[in-house]
Amino acid sequence: MAANLVNVEAVSKVYGTRALLDGVSLGVSEGDRIGVVGRNGDGKTTLIRVLAKLEEADGGRVTHSGDLRLGVLTQHDSLDPEATVRHEVIGDLADHEWAGNAKIRDVLTGLFGGLDLPGFPQGLDTVIGPLSGGERRRIALAQLLIAEQDLIVLDEPTNHLDVEGIAWLARHLRERRSALVCVTHDRWFLDQVCTRMWDVQRGSVHEYEGGYSDYVFARAERQRIAATEEAKRQNLVRKELAWLRRGAPARTSKPRYRIEAANALIADVPPPRDTSELMRFASVRLGKTVLDLEDVTVTAGPKTLLQHVTWQLGPGDRIGLVGVNGAGKTSLLRALAEAAASEGEKQPAAGRIVVGKTVRLAYLSQDVAELPPTLRVLEAVQQIRDRVDLGKGREMTAGQLCEQFGFTKEKQWTPVGDLSGGERRRLQLLRLLMAEPNVLFLDEPTNDLDIETLTQLEDLLDGWPGSLVVISHDRFFVERTTDRTYALLGDGALRMLPRGIDEYLERRERMLQSATGGPAGAAASGGAAPAAKAEKAARVVSAAEARAAKKELQRIERKLDKLSEQETKLHADIADDPTDFAKVAELDARLRELGSEREELELRWLELAEDA
């Protein structure tokens, strides 16, 4: 039987007049992997701080086992600004000692991209003081993970990590023997790492078995039986449940709750969005041309980030943009936004961006726009517009949209200066949507948003008819809201990834292994690998061939989009008349033909990607 590490007995914690924890009793045992979820402000961070004895409870008792080795990552580190990274992370270990330690090598490579800390000016000998908040946070996380712990408590560990870093951290935590309690809004990460969930709501904590997917199933079943939640929230839960149940790409764990109950809940829930209908509606609003890049080069100061990029953002396209930090994702969006704002007058360093005549672009940057602190939330939204047309006959008032984003009627009269960081982020999104854009750029939109607000944003975007580009390290959000994924791998090119983020991670791993002479770069059998390298090196692609390859890539991508529309229509035709077996057989044969055509196109796309 697993030993108990921490006991929380009848704990209460009050701030002002609000009880964040009210008689909460919980336990953490050896081997537990617990994810903590709940709305911002409901007490998640307070719960883990009390559990770790960083804060005193107002009532009740918190007990740790006598020899507990506890590691805590808070949202504010305690690193010495005058110390070096080496001193804080590795301590007094000699180079040959830490370099011979597999765990230290794994942590440094996983969090910093290499043992020499590429990106830090003096590597391990960089002084911490001048570093950014994100860099300091990775140092604090590395310091914690290198030590031996019985229990690790993490508050938003995925903040400031890219997709690769999050995937590495999930794998690292799964392989550790330490127990884990983790607060995060990253649903993919929760599903990968956790086996139990704590849902913090209105002073209470509800426990669920399984990861995030299982928690959604169990919560939806509980709400169905109890019938205590209002219809709006229930519909959001059912919609997310349908997404998970039907095989979200990001989810790998299998549900352990009643499959029959889950199927009953989603029986009448349609797919998240009708892609064909949205594309048609977007074409009406935008015309044929949205944003076309023709042989574009994007720079940041003296650094060239993208070279000779030819790409097209069409009406209704929903694009996820992933890539290594510093590869140029944000710079690309800025270049497009500047061209759109100037109606094509402002152009990048080289090449040309063609802007459609009807484009109305809204850009959510990583910087939260400052508003007068005395302005009320509702007034800030009404400054833009009183009512908003969401397409497909849906219209909302400013107040209704505020409520959908978690601003209750009382909260709508709160001064902007009293809002938290997450609430200001929500308000920024609201103001963008009230402007009724038909092209939307979202750069890290999930920062500071809780899971419930994320599901509401996803639900709103499901019916939004326009062109969408999303940059986010939240893998679940990218895969949930977009239809295609493009990657910037740091080599100046923009590539479509038919298999999405999984393919991105595989490509990055191969690149890193080749650079370090790892398994992918080593000769697995005799001289085969060196011969392949020599053959690849001998293949020199001219500029004309590269341009031709890019044009054919675009043609293939358009063809793949059309195939997706045809497949969607065939599936709908089969569902309309499932008892006409002759017709179903004919439609199924056509589906198989389209599937074969898709495979050939994707293989050709992969071949061309190397030349382009």
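## Terms and source

Two strands count as paired if DSSP finds at least two bridges between them. Strands (E, at least two residues) and helices (H or I, at least four) are DSSP runs, numbered from the N terminus.

This is a predicted model, in which local features need pLDDT of at least 70, side-chain atom pairs count only at pLDDT 80 or more, and totals for chains, interfaces and linings use all residues. Residues are numbered from 1 along each chain as its sequence is written, and side-chain values use heavy atoms, with hydrogens and water left out.

## The six-stranded sheet

Six strands form an open sheet with mixed pairing, in the order β5-β6-β7-β3-β8-β9. The edges are β5 (70-73) and β9 (204-209); each has a single partner strand, so one side of each is left without a neighbour in the sheet. From one strand to the next, the twist averages 15°; angles run from 0 to 180 degrees between N-to-C directions, and axes are lines fitted to C-alpha atoms, for helices over the stretch in contact.

Six bridges pair β9 with strand β8 (residues 196-201) in the antiparallel sense. Tyr208 in β9 is the bridge partner of Met197.

## The helix across the sheet

Helix α1 (residues 44-51) lies across β3 (33-37), β6 (151-155), β7 (179-183), β8 and β9, and runs at about 155° to β6. Contact here means heavy atoms within 4.5 Å.

## Strand β1 and its partners

Strand β1 (residues 4-15) runs antiparallel to strand β2 (residues 18-29), joined by eight bridges. Their hairpin has two residues between the strands, and Gly16 takes a positive phi near 65° there. Five bridges join β1 to strand β4 (residues 59-64), also antiparallel.

Val6 stands opposite Val28 in β2 and opposite His64 in β4.
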